[in-house]
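Me: I would like to learn how to read aromatic contacts in a protein model. Please take me through them one kind at a time.

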Amino acid sequence: MSWDELDRGTYRDETEAVTALLASAPLSADARRTVRTEAVELVAATRNAASRQGVVESFLQEFSLSTPEGLALMCLAEALLRTPDEGARDKLIAEKIGSADWASHLGRSGSLFVNASTWGLMLTGKLVDVDEAARTDMVGYLRRLARRVGEPVIAAAVAQAIRIMGEQFVLGRTIEAALARAASESRICSFDMLGEGARTEADAAHYEDAYAEAIRAVGAAASSGGPETGHGVSVKLSALSPRYEATHEATVFETLYPRLKRLAVAAAGYNINFTIDAEEADRLALSLKLLDRLAHERDLGSWTGLGLAVQAYQKRGPEVIERVAELARASGRRLMVRLVKGAYWDSEIKRAQVNGRPDYPVYTTKAATDLSYLVCAKALIAASPGLYGQFATHNAHTLAAVRRMASDAGVRIEFQRLHGMGEALYAAAEERHPGGVVRTYAPVGEHENLLPYLVRRLLENGANSSFVHLLLDESVPPDSVVVDPISVVETVGPGPHPRIPKPADIYGDRRNSAGIDLSAKAERLRLADAVADLPSLGAGGAPVLSPADHNRVVGYSADASPEQIDEAFAAAKAAQPAWNHAGGAARAKVLRAMADALEANRERLIAICTREAGKTLADGVAEVREAADFCRYYARLAETRFAGPEVLKGPVGETNTLELHGRGVFVCISPWNFPLAIFTAQVAAALAAGNAVLAKPAEQTPLIAAEAVRLYHAAGLDPRLLALTPGPGETVGAALVAHPSCDGVAFTGGTDTAWRINQSLAARKGPIIPFIAETGGLNGMFVDTTALREQVIDDVIVSAFGSAGQRCSALRILFLPKETADGLIEGLIGAMDALSVGDPSDPATDIGPVIDAEAKSNLDAHAERLGREAKVLHRLPSPAGGTFFGPVLAEIPSARFLEREVFGPVLHVVRYDVADLETFAGDLAGSGYGLTLGVHSRLEAFAAEVKRLVPAGNVYVNRSIIGAVVGVQPFGGEGLSGTGPKAGGPNALSRYATERAVSVNITAQGGDPSLLNLTH
């Protein structure tokens, strides 16, 4: 079965998809009426059984995540459970508790647990003496109290409140404790072993052991009733491999699949339910390929406990049910299918926007998701006995509808609910229809692993629009709580949510660039073909060799001669006035046409970037997208900033205007590390402002620049306005900068080269011309003890080693607190071992070559110095055949160890004591650079302090420090890192233009008509 065919429907048009759902008519008109009636009665019965309300539901009712208190509680809980040092814990308590209105929640919940937690968070009379101020000004009292966090009793009280929460939200810290509790409460469970995805092979081995132990314990306690009547275990595939990604499919089957099979064989031996949990949309096809192989394994015998979760919020949900039913028939194995609505909705929306997808993989409206659930449920029930339906829901309408479908079909099913939720709802359902099977999805594990799981579940069920939230709100009548999704869609139409634009339209005034989904096999094959079929480029000159394979000639390039430079300046000088006079709107039209041309030719452009610059396919996709974004963003600036004279306010009797004009001919000198994006951006900025351009690409990457110039000309740009002048900086670059017709220089590259250009311009006779420089940086990231381990590892790895470390924004120095440094370093080493260094045209490659032999030689020399004077913690091997340099992790004493930027995949670690933060930060600031800075902390005060101590043009908190998005994160540094203005920002064109003010005395013409024509 070709599971990759599922990718064709990933981003299906929502209106089309929902229309198809409606056409499938999951319920008849009569069934819809009876289902709604029963659901309303269930809501009423549930509210009457308030004592059975789950603690999670009580929490949701009182501390919705839409309130500051709910958010503060989650932030505090997550960080406290992971923070080892008392000082940071105290600061967390002060910051989070002091910023929220806990007093307003006291006593409002009927749950003893929620009230107890509120008391703990308020830190009132039961913990410390209550004075009169607490009774008369509770809010002020709490804030003053929160400032006194040095008192151990206060810190202990809050920590204890968080631990109480943890006890309520997990069934047990160990599988044995969870089994004992389940037995005492007569529950059937599917146990979820808490933990995030593996970042290292050691993580994966640890999680396999935890799952294996859970299967052993569950199996040992199981009766002989089979997987339908006993406990089961749920497994997250991302926990079993640090590279559970479609682009690493071969690695997944080599390392993850054996682990999965061992667990499945163990579960089969005990004849229990073993469910593969659903994760992100881009892993769907890969997860089903693993399931397919597993279902055909002879070692599993006739076991019928193998299962999977299917997400109804995905547009592919019905097709997945259909194909899984086919798999059951083909393998002869009954499969158990847990149907869920989905827990990653907000992240799927964001990922689709960030990655420039054609649409969303999930529905954007709740009604469409609920309708999809009913359609999937009908198909799942119809697929019995090949599939055994397990329906996870806390929605009374969904419960009533699924029960009706199953009853009509005469099919036995089970329902599932989350631990701490849905108890009263299912108790009410049991009273009406005795004998139903309800399984509890129960998290098991230590508290520090709880919060990521919990936040996902609370976001899923605690939103103001969710059924769970409304179910608990007594002010909403039961009749209003129950919503028939079919009726809603029929009423409002099948279209997407009006406030969630398609990914292409998120910016409003310009189109978002289109990405390529490398998780889809068809897209990977298309790019592979483009790289393989790329012909030799250029017609004469010196050969351009691939940095990944020195035996491969990518093409040929000839240096611009002095005569060609003179001719180009003369042509540009002649054409520029008309281009400037045409105005911003006319120039914007050409720039938008260029953006469209870039996207129309993206496969070829990516192929050239891969061959000539050694860029991975993912980096190539990002390169084309950034180039297109620059063109569209600067087109918009051209329209708005160069639309004509701006009228300025002044006294009557005169008019005063200010107008921007191009300066003349700009020289744009771009780097090899972003040979298309920055080349295109510099040219687009100069053109948008009304200038002509002579563009000199880096000598290592002239071919992609030539392709960009060809596209500019094809987009309607007069060829005289843009000339390509390739060649070495020492000769061609120097001639361009010194030329008397040069009216401005835009440069991106090394600091030393920027100094030389600056000196050359200063020595010129004639006008002082602008020099716009973006140079390198000695970029640091500060991590404190409250930071989340998995997030730090992810962001550090991509920031330091992405693009082979060849970004001016790349992370060079990582500052780790002494308390957690060892564990983070261990995690980073493991994550490094999971990286793939090699051929950049292979979709599985994470790190390609460095650009040339000189770059590799400099890195080799630095690695030798690290070996002599510092401590090399880890190094990956370098493949042969090109200028590859395996990533290095080394420990240095302070930032002063580095005198300049090391441009490549080398990460330096500095251990620091939080008490000496100012000293360590001062060492970094003392380097004089100021490009990017990262902070990982749950403490806003810590982030603010680091920002104060280390000046930087771009600061990133709790995320990677690379990948600035045009118009969203304007990019550029200060000090040794550049002159500004920021590229991709609202002021980007200011230095490419000259300002002209015109003042006219209109009274000299007889008076001011606007004044004389005034009426009463």
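Reply: We can begin with a charge over a ring, meaning that NZ of Lys or CZ of Arg is within 6 Å of the ring centre and within 35 degrees of the ring normal. Here the charged end of Lys341 sits over the ring of Tyr373, 5.5 Å from the ring centre. Arg510 lies over the face of Tyr507, with 4.0 Å to the ring centre. This is a predicted model, in which local features need pLDDT of at least 70 and side-chain atom pairs count only at pLDDT 80 or more, while totals for chains, interfaces and linings use all residues. Residues are numbered from 1 along each chain as its sequence is written, and side-chain values use heavy atoms, leaving out hydrogens and water.

Me: How many aromatic pairs are there by the ring rule?

Reply: Rings of Phe, Tyr and Trp (its six-membered ring) pair if their centres lie within 6.5 Å; planes under 30 degrees apart count as stacked, over 60 as edge-to-face and the rest as tilted. The count here is twelve aromatic pairs. One of them is tilted, because the rings of Phe630 and Tyr634 have planes at 35° and centres 5.6 Å apart.

Me: Which aromatic pair is stacked?

Reply: Phe782 and Phe815 form a stacked pair, at 4.1 Å centre to centre and 5° between the planes. This pair links distant parts of the chain, 33 residues apart: Phe782 is in strand β18 (residues 780-783) and Phe815 in strand β19 (residues 813-817). Strands here are DSSP runs (E, at least two residues), numbered from the N terminus. Ring pairs also join Phe782, Phe815, Tyr912 and Phe920 into a cluster.

Methods: Helix = DSSP H or I, 4+ residues; strand = E, 2+ residues; numbered from the N terminus.
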